[in-house]
Amino acid sequence: MKNILKISIALAFLFTLSSCWLDKTKPNYQYMPDMYKPVGYETYSVNPNFSDGRTSQQPVEGTIARGKVPYDYADTTEGYDSALVNLKNPLEVNEENLANGKAMFTIYCISCHGAAGVGDGELVKRDKFLGVPNYKDRPITEGSIYHVIMYGRNLMGSHASQLTDKERWQVVMYVQQLRNELLK
Amino acid sequence: MSSHYEAPIRRPLIIGDKNYHDISVDVAAPVEGKANKLWWIAFSIALTAFLWGIGCIVYTIGTGIGVWGLNKTVGWAWDITNFVWWVGIGHAGTLISAVLLLFRQKWRMGINRSAEAMTIFSVIQAGLFPVIHMGRVWNAHFVLPLPNQFGTLWTNFNSPLLWDVFAISTYLSVSLVFWWTGLLPDFAMLRDRAIRPFQKKIYGLLSFGWTGRAKDWQRFEEVSLVLAGLATPLVLSVHTIVSFDFATSVIPGWHTTIFPPYFVAGAVFSGFAMVNTLLIIMRKVSNLEAYITKQHIELMNIVIMITGSIVGCAYITELFIAWYSGVEYEQYAFLNRATGPYWWAYLFMMSCNVFSPQFMWFKRLRTSITFSFIISIVVNIGMWFERFVIIVTSLHRDYLPSSWTMFSPTFVDIGIFIGTIGFFFVLFLLYARTFPVIAQAEVKSILKASGEKYKKLRDGNHE
């Protein structure tokens, strides 16, 4: 009898140590969630006030945010050709820009274009898709590289949302360096 | 009785031709008898007030502190006033049972049980206020330094409000243990007298198997003395810590070094007044006039007079220091008390606390039961106003005139206070019907020294 009492006290104690989280597919219980949920709308939260149900709404067409410069070349063959000739890198070629360009290249470009830019990225090696060109095979300039990052070209999509203006130019700088290596 | 010497000047503490059995019968009578109509009426009123108070508490917690009359300037008012008032009342019980034990005051034996009960019941009332005045009661456990998952986030031990937590909880637990230890022989008496099996079982459980052997009594006495020695510094420190809530602040009118002893004196003052209020009624309704004699009332009145005079001295000291300090904020705080919008509260406090205890210098007044009863109530009203005046008048006008404001309580403030009074009397009335309200074991120990019959016999021998 006394043993049963002791065992049940021990079990009750152990039970209090265990969590109440039985269904791991759902969030756990909360104790008095006073300020757990935001009163305001957080950026990516669902918003019932808008027809598309999103808090992050598109800005009005044609508006320019402070510190941003619009890209004036059109997403057409003419635009490409114009950028190829006229668009110039505003950044100074230095270690810092190249280093960040390399870092960004390693994140966003390497999976298809490969570390050296010869078109042998991991996805190409695994035959996920083919047709990634070598940088040295095409007549590209800093303007055209930037244009392609902005809009994409053929199979490649736009990378404008991943990279800021400055980062794009740093990547351009690094791609040019890779191309010069390949052309040697 | 030739071996015993007691000064013939001492008056008997037990009136009438009582023997040991009579004491048992008299103490057990309210417990063994049935409650009369008056008790039920009183209990119903107290219970109604208590339930109303619970309603107000639930409303406060459910809706928010905004239902009280507090504002951004006056963040403490009735809540802390009532807290300090109840804690203060509780202090008399420990003073009677501990300090008077250390001073070997035999007259405490007739009153200590009820005084301790009063302590415990009023500390319970006091303990409600620090909890319910929190904005988020459900996080109240954060005041305890417990290991947790916030990287073991701990409390800051620099706040007197945290010291309050330790002070009040220690005070309640020590008082409870002290009280219960004293109750063991009395519960054993009730157990042995009980006829109904249910009562016998209950008092058997409550008395922890007390058999009253010599060894038990020896240890009982030692424990009582040790607990009295512990409770005495405790009773002084608890109200000191409560006074630190104010004294450690920077508010003019609060920042004073006199507060610790002055609050303790005020606590003893109001506590004894409450004991007087309760015992004057209890001796009548429970037929305990032989044990709670006029002399007991008179001695308590003398304590009230002394502590009331100490409080009066403190008031004068505060006023003197305010003038002497040359600090215009301090001077204004006291000017505001006397002539500001709460002048009536200050007047109430002064007249109830400073003047009323001075009546006790007159023997005719201090030995009058009716007068003592009235004064005891007046004192408690005055002491309530003392806390109110200290808290509210210091807060509502302080450094920046742009933040000067007024305070007026809402019905919820008042309702909770009434509720705690109701709760106190619910507990006290239940206690008076089920507990031995006089420490019969202790009273029996002074029967032959201070009983009227034995005193007469002894004094007769001398003639």
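1. Let's start with a loop residue. B:Thr152 comes out as partly exposed, because its relative accessible area is 41%, which falls between the 20% and 50% cut-offs. You'll find B:Thr152 in the loop that links helix H4 (112–132) to helix H5 (160–193) of chain B. Its backbone is worth a look too: B:Thr152 has a positive phi of about 50°, even though it is not a glycine. Bear in mind throughout that this is a predicted model.

2. B:Asn287 is another non-glycine residue with a positive phi, here about 55°. B:Asn287 sits in the loop between H8 and H9 of chain B. Its relative accessibility is 56%, so B:Asn287 counts as exposed, the cut-off being over 50%.

3. Now for the helices on either side of that loop. H8 of chain B covers residues 259–285 and H9 of chain B covers residues 294–325; the two pack with their axes 9 Å apart, at an angle of about 155°. Angles over 145 degrees count as roughly antiparallel, and H8(B) and H9(B) are therefore roughly antiparallel to each other. Their crossing is left-handed. As for what makes up the contact of H8(B) with H9(B), the residues are 18 nonpolar, five polar and three charged.

4. H9(B) also packs against helix H11 (residues 343–355) of chain B, at an angle of about 140° and with the axes 9 Å apart. That angle makes H9(B) oblique to H11(B). On the H9(B) side, the contact is made by B:Gly308, B:Gly312, B:Tyr315 and B:Leu319. H11(B) brings B:Tyr346, B:Met349, B:Met350, B:Asn353 and B:Val354. Sorted by class, this contact has six nonpolar residues, three polar ones and no charged ones.

5. Last, have a look at B:Tyr399, in the loop between helix H13 (369–396) and helix H14 (411–434) of chain B. Which residues does B:Tyr399 touch, leaving aside its neighbours within four places in sequence? They are B:Val250, B:Pro252 and B:Tyr329. With B:Val250 there is a polar pairing to check on screen: a polar atom of the B:Tyr399 side chain lies 2.7 Å from the backbone oxygen of B:Val250. B:Tyr329 is 70 residues away along the chain, yet its C-alpha atom and that of B:Tyr399 are separated by 6.8 Å. Even with these contacts, B:Tyr399 counts as partly exposed, because its relative accessibility is 38%.

Conventions:
Residues numbered from 1 in each chain as written. Chains lettered and ligands numbered in written order. Predicted model: local features only at pLDDT ≥ 70, side-chain atom pairs only at ≥ 80, totals over all residues. Heavy atoms only, no water. Axes fitted to C-alpha atoms, helices over the stretch in contact; angles between N-to-C directions. Helix = DSSP H or I, 4+ residues; strand = E, 2+ residues; numbered from the N terminus. Parallel < 35°, antiparallel > 145°, perpendicular 65-115°, else oblique. Left-handed = near helix turned anticlockwise from the far one by under 90°. Nonpolar A, V, L, I, M, F, W, Y, C, P; charged D, E, K, R; others polar. Buried < 20%, exposed > 50% of the residue type's maximum accessible area, 1.4 Å probe, protein only. Contact = heavy atoms within 4.5 Å. Polar contact = N/O pair within 3.5 Å; in protein donor to acceptor, adjacent residues only side chain to side chain.
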